[in-house]
Amino acid sequence: HPDLDRETEELVADVLGVEVFRQTIAGNVLVGSYCSFSNQGGLVHPQTSIEDLDELSSLLQVPLVAGTVNRGSDVIAAGMAANDWIAFCGLDTTATELQVVESVFKLRNAQPANIVNEMRSSLIDSMM
């Protein structure tokens, strides 16, 4: 949120151990409503400019696509939830929208064996 004060920004960065970026999505300050991200990719508001897509993609280091869910809804987070292995979309989501979601979040590659191996590697890395 671009109106976030410095103190809150520093608090979020310290507590979560992440970098904090001030950004809007397609001119909307409620960024969490107009996008959905995972470690594999992200879906953002359909009116996001190419320049903003490129900037966000380089900041987050994941591929991004502008699109919709639930038959054209631009409020992405209200119509879907995704992680690295699965995505849940609203009942009105079309086949084309589902295809875009599967593609950008790389869900076709999320085989059960791959998931277990990836989780095992993450656990081992965090224990060392």
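Where is the place of Arg71? Select Arg71 and you will find it in the loop between strand S3 (64-66) and helix H3 (76-79).

**Before you go on**

This is a predicted model, in which local features need pLDDT of at least 70, side-chain atom pairs count only at pLDDT 80 or more, and totals for chains, interfaces and linings use all residues. Residues are numbered from 1 along each chain as its sequence is written, and side-chain values use heavy atoms, with hydrogens and water left out. Helices (H or I, at least four residues) and strands (E, at least two) are DSSP runs, numbered from the N terminus.

**Stop 1**

Now select Ala26, in the loop between H1 and S1. Ala26 has a phi near 55°, again a positive value in a residue other than glycine. With a relative accessible area of 25%, Ala26 is partly exposed.

**Stop 2: Thr48**

Is Thr48 buried or exposed? Its relative accessibility is 7%, so Thr48 counts as buried.

Which residues is Thr48 in contact with, leaving aside its neighbours within four places in sequence? They are Ile25, Ala26 and Leu53, where contact means heavy atoms within 4.5 Å. Next, show His45 as well: the side chain of Thr48 reaches the backbone oxygen of His45 at 2.8 Å.

**Stop 3: the salt bridges**

A salt bridge is a side-chain nitrogen of Lys or Arg within 4 Å of a carboxyl oxygen of Asp or Glu. How many salt bridges does this rule give? The count comes to three.

Begin with Arg6 and Glu9, whose closest N and O atoms are 3.1 Å apart. Both lie in helix H1 (residues 6-16), three residues apart, about one turn of the helix. An α-helix has 3.6 residues a turn, so residues three or four places apart point the same way. Compare the two partners: Arg6 is exposed at a relative accessible area of 54%, while Glu9 counts as buried at 13%.

Arg22 counts as partly exposed, at 31% relative accessibility.

For the remaining bridge, select Arg108 and Glu102, where the closest N and O atoms are 2.9 Å apart. Arg108 counts as exposed at 63% relative accessibility, and Glu102 as partly exposed at 30%. Looking back over this stop, salt bridges that share partners join Arg6, Glu9 and Arg22 into one network.

**Stop 4: a nonpolar patch**

Select Leu11, Val12, Val15, Leu16 and Val18 together. They form a nonpolar patch on the surface, with about 460 Å² of accessible area together. Patches are made of residues with over 30% relative accessible area and no salt bridge, with like charges joined within 9 Å and nonpolar side chains (Val, Leu, Ile, Met, Phe, Trp, Tyr) within 5 Å. The accessible areas come from the Shrake-Rupley method with a 1.4 Å probe, and for residues only the protein chains shown count as cover.

**Stop 5: helix H4**

Turn to helix H4 (residues 95-104), where Glu97, Val101 and Val104 are buried. Seen down the axis of H4, its buried residues fall within an arc of 80°, so they line one face of the helix; the arc is that of the directions from the helix axis to the C-beta atoms. The buried residues of H4 pack against strand S2 (42-44), S3, strand S4 (80-82) and strand S5 (87-89).

Which exposed residues does the face turned away from the buried side of H4 carry? Select Ala95, Thr96, Gln99 and Ser103 to see them. Just after H4, click on Lys106, which takes a positive phi of about 55°.

**Stop 6: Gly90**

Finish at Gly90, in the loop between S5 and H4. Gly90 is partly exposed, with a relative accessible area of 23%. Not counting residues up to four places away in sequence, Gly90 touches Asn70 and Gly79.

Technical notes: Buried < 20%, exposed > 50% of the residue type's maximum accessible area, 1.4 Å probe, protein only. Polar contact = N/O pair within 3.5 Å; in protein donor to acceptor, adjacent residues only side chain to side chain.
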